[in-house]
Amino acid sequence: LRCCTAASVVTDGSGAAADERSLYIMRVVQIAVMCVLALTVAFGIFFLGCNLLIKSEGMFNFLV
């Protein structure tokens, strides 16, 4: 992306639409990746908690 170059300072408007579109696509990809990572962490915590609950239930049955 042309963030801090001299070409981005002096433009005639021809590349502005392409830059906005690429920025939009990058933002959508970042949001999608963050959603996938958040779901992965949430399901990981959920299944880890269920596994610990099952193990603790087995230990209670062993003590009784």
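A residue counts as buried when its relative accessible area is under 20%, as exposed when that area is over 50%, and as partly exposed in between, using a 1.4 Å probe and protein chains only. By this scale phenylalanine 46, at 48% relative accessibility, is partly exposed, and of the 64 residues of the protein 0% count as buried. The structure is a predicted model, in which local features need pLDDT of at least 70 and side-chain atom pairs count only at pLDDT 80 or more, while totals for chains, interfaces and linings use all residues. Residues are numbered from 1 along each chain as its sequence is written, and side-chain values use heavy atoms, with hydrogens and water left out.

**Overall build**

- The protein has two helices and zero strands, where helices (H or I, at least four residues) and strands (E, at least two) are DSSP runs numbered from the N terminus.
- The protein exposes about 5,900 Å², of which carbon and sulfur atoms supply 75%; accessible areas come from the Shrake-Rupley method with a 1.4 Å probe, and for residues only the protein chains shown count as cover.

**The annotated span**

- An unreviewed UniProt entry carries the annotation "transmembrane region" for residues 28–54; such positions are given in the numbering used here, feature names are shortened, and annotations may be inferred rather than shown by experiment.
- In the model, residues 28–54 are 100% helix and 0% strand, and the end C-alpha atoms of this span lie 39 Å apart.

**A nonpolar surface patch**

- Tyr24, Ile25, Val28, Val29, Val33, Met34 and Leu37 together form a nonpolar patch on the surface, with about 680 Å² of accessible area.
- Patches are made of residues with over 30% relative accessible area and no salt bridge, joining like charges within 9 Å and nonpolar side chains (Val, Leu, Ile, Met, Phe, Trp, Tyr) within 5 Å; a salt bridge is a side-chain nitrogen of Lys or Arg within 4 Å of a carboxyl oxygen of Asp or Glu.
- Methionine 34 belongs to helix α2, which covers residues 16–63, and is exposed, with a relative accessible area of 54%.

**Aromatic pairs**

- Two aromatic pairs are found in the whole structure, a pair being rings of Phe, Tyr or Trp (its six-membered ring) with centres within 6.5 Å, called stacked if the planes are under 30 degrees apart, edge-to-face if over 60 and tilted otherwise.
- Phenylalanine 43 and phenylalanine 47 are stacked, because their ring centres lie 6.3 Å apart and their planes stand at 20 degrees.
- These two residues, phenylalanine 43 and phenylalanine 47, are four residues apart in helix α2 and so are separated by about one helical turn.
- Phenylalanine 46 and phenylalanine 47 make an edge-to-face pair, at 5.3 Å centre to centre and 65 degrees between the planes.
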